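Please open the model in your viewer and keep the selection tool at hand.

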Amino acid sequence: MAKKNLLKVLFVFTGILSILGGFSNEANAFHGRAWRFCCDPCSFSYSPSENIVPSCSVPQESFTERPAPQASMYIHGETVSLFNGKDLAGWRNVKGDKPNPNWTVENGLLFRKANGGDLYSEKKYENFILEFDVKIVKGGNSGVKYKSWNTSGFGLGCEFQVEDVPTGKTAARYRTGGLYDVYEPQTDPSVFRSGEFNHGKIIVIGNHIEHWLNGQKTVSAEIGSYDWFCRIKKSKYADVKEYGMVRYGRLLLQDHGNDVWYKNITITELQPVY
């Protein structure tokens, strides 16, 4: 009987070590930061502590870099239109109520004609391909946000920057197609067509983000990578622990005080293949 009990104890102890070892392998070595990045590239979640942004002086080798997930690892759902060209069905204001009438439909276009606050999708999304055509008034600023959350009546999230400002008049990280204030577009400024509709695409696959503008990839980023956190540390989001960490978030069309038009807004949700 004593021998059997000893074997049971050894079995349980071995199991505990195995679990702990698995956690150790799964955890990113964020220089002692107490949070776990669940790193199946097809599905992830975060449990941030009070301080998740490391100093860029942390050796890069202390980070566990993981390969970007591929679209082939996901089942593509049906592509769904998020704007019917007639009304604002499927969209809400920050409180979840009917949108401000200053977001309207004119000639089949979704148009922000005056101050109306940000426009939010009714549904939250995790992994997806979002496409849209956007035109903004010259000198104007707007953006398409995702992985967003509501804080004190204001929407924050990762942002596909939209602006029509002459080259050299704004920092590269604020150009159209960039991940606002974090990743500058890796394309020539001439890719953006001033005064015209431009085609944007946002891809979110697990911890991988891509931005595309007029058929050219402008941003490729890995949430949780060394490069990601160093850039966050230098951005306005350095103290915003939720940034990029929201698993399911609403889409958000930003009202930044300028006229902006959208059309052909579609989304294709992606489901991981296990």
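**The main core**

Begin with the largest nonpolar core, which has 47 residues. Such a core is a set of buried Ala, Val, Leu, Ile, Met, Phe, Trp, Tyr and Cys residues joined through side-chain atoms within 4.5 Å. Buried here means under 20% relative accessible area, exposed over 50%, and partly exposed in between, with a 1.4 Å probe and protein chains only. Select L130, W228, Y243 and I265, the members with the most contacts inside this core. Strand β6, residues 128–136, supplies the largest share of the core, 5 residues. In general, nonpolar side chains of soluble globular proteins tend to be buried together.

Before going further, please note that this is a predicted model, in which local features need pLDDT of at least 70 and side-chain atom pairs count only at pLDDT 80 or more, while totals for chains, interfaces and linings use all residues. Residues are numbered from 1 along each chain as its sequence is written, and side-chain values use heavy atoms, with hydrogens and water left out.

Next, centre the view on I265. Leaving out residues up to four places away in sequence, I265 touches V80, S81, L82, F83, W91, L110, L130, E131, F132 and L253, where contact means heavy atoms within 4.5 Å. Another core, of 5 residues, lies apart from the largest one; among its members are I129, I203, I205 and L270.

**The whole chain and its confidence**

Now zoom out and show the cartoon. The protein has 2 helices and 13 strands; helices (H or I, at least four residues) and strands (E, at least two) are DSSP runs, numbered from the N terminus. Of the 274 residues, 46% are buried. Among contacts with a separation of 6 or more, 66% are between residues 24 or more positions apart.

Colour the model by pLDDT, the predictor's confidence in each residue, from 0 to 100. The mean for the protein is 80, and 72% of its residues reach 70 or more. Select residues 6–55, over which pLDDT stays under 50. Where pLDDT is low, the predicted coordinates should not be read in detail.

**Helix α2**

Select helix α2, residues 226–233. Its buried residues are Y226, W228, F229, C230 and I232. The cover over these residues includes β8 (154–163), β10 (208–213) and β11 (216–222). C230 counts as buried because its relative accessible area is 13%. C158 is likewise buried, at 0% relative accessibility. The count of disulfides, pairs of cysteine sulfur atoms within 2.5 Å, comes to 0.

**Salt bridges**

- Select R112 and D255, whose side chains meet at 2.8 Å, N to O. R112 is in strand β4 (residues 109–112) and D255 in the loop between β12 (249–253) and β13 (260–272), 143 residues apart. Both R112 and D255 are buried.
- Select R247 and E126, whose salt bridge has an N to O distance of 2.7 Å. R247 is in the loop between α2 and β12, and E126 is in the loop between β5 (119–125) and β6, 121 residues apart. R247 is partly exposed, at 27% relative accessibility, whereas E126 is buried, at 12%.
- Select E210 and K217, whose closest N and O atoms are 3.7 Å apart. E210 is buried, at 13% relative accessibility, while K217 is partly exposed, at 37%.

Finally, display R112, D255 and D259 together: salt bridges that share partners join these residues into one network.

**Two loop residues**

Where does Q254 lie, and is this residue buried or exposed? Q254 is in the loop between β12 and β13, and counts as buried because its relative accessibility is 8%. Beyond four places in sequence, Q254 touches W103, D118, N141, S142, G143, K145 and E159.

End the tour at N214, in the loop between β10 and β11. Neighbours within four places in sequence aside, N214 is in contact with V191, F192, R193, N198 and H199. Select G177 as well: its C-alpha atom is 9.4 Å from that of N214, and the two residues are 37 apart along the chain.

Technical notes. A salt bridge is a side-chain nitrogen of Lys or Arg within 4 Å of a carboxyl oxygen of Asp or Glu.
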